[in-house]
Amino acid sequence: MESLEYHRPKTIDEALALVQHGYPLGGGTFLTPRRLRLGSVVDLQDLDLDGLRAEADHLVLGGGLRLQTLVEVGDPIPPALADACRLEAALNLRNMATLAGMVVAADGRSPTTTVLLAAGVVAILEPGAEKVALDDL
């Protein structure tokens, strides 16, 4: 069995370069079952992507935010989003699963993605902070 290359970048630029040749890793819930087929992973945990803040007319949720955080935080998270995250997975998986990972791996049966689509969520992509509606992503 070939060994797995593991990278843990400290900057977004470094991560963007590394994911050209590896899989981004947040919580690992999607990648772990496929670990034997992976050549390289890029651990995003040191990039401070788990932020949550309320702005005047919207929320800013980081892609590295754990689903369980959305269940537990209360205000300003809408109850429908917290409930959808609770339905998404059991507690142990919600403690690992990230918002971005869940959206990317969604298969059409995701309660969380359904709520995010209904809310008209916009994703901000790097590099360049490109804004894309979730339904276009």
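**A polar contact to begin with**

Select Cys85 and Thr112, and you will find the backbone nitrogen of Cys85 3.5 Å from a polar atom of the side chain of Thr112. A polar contact is a pair of N or O atoms within 3.5 Å; within protein, one must be able to donate a hydrogen and the other to accept it, and residues adjacent in sequence count only if both atoms are side-chain atoms. This is a predicted model, in which local features need pLDDT of at least 70 and side-chain atom pairs count only at pLDDT 80 or more, while totals for chains, interfaces and linings use all residues. Residues are numbered from 1 along each chain as its sequence is written, and side-chain values use heavy atoms, with hydrogens and water left out.

Stay with Thr112, which belongs to helix H6 (helices are DSSP runs of H or I with at least four residues, strands are runs of E with at least two, and both are numbered from the N terminus). Thr112 is buried, its relative accessible area being 0% (buried means under 20%, exposed over 50%, partly exposed in between, with a 1.4 Å probe and protein chains only). Leaving aside neighbours within four places in sequence, Thr112 is in contact, meaning heavy atoms within 4.5 Å, with Leu81, Ala84, Cys85, Glu88, Leu99 and Met102.

Next, select helix H3, residues 79-88, where Leu81, Ala82, Ala84 and Cys85 are buried. Seen down the axis of H3, these buried residues fall within an arc of 160°, so they line one face of the helix; the arc is that of the directions from the helix axis to the C-beta atoms. The face turned away from the buried side of H3 carries the exposed residues Pro79 and Leu87.
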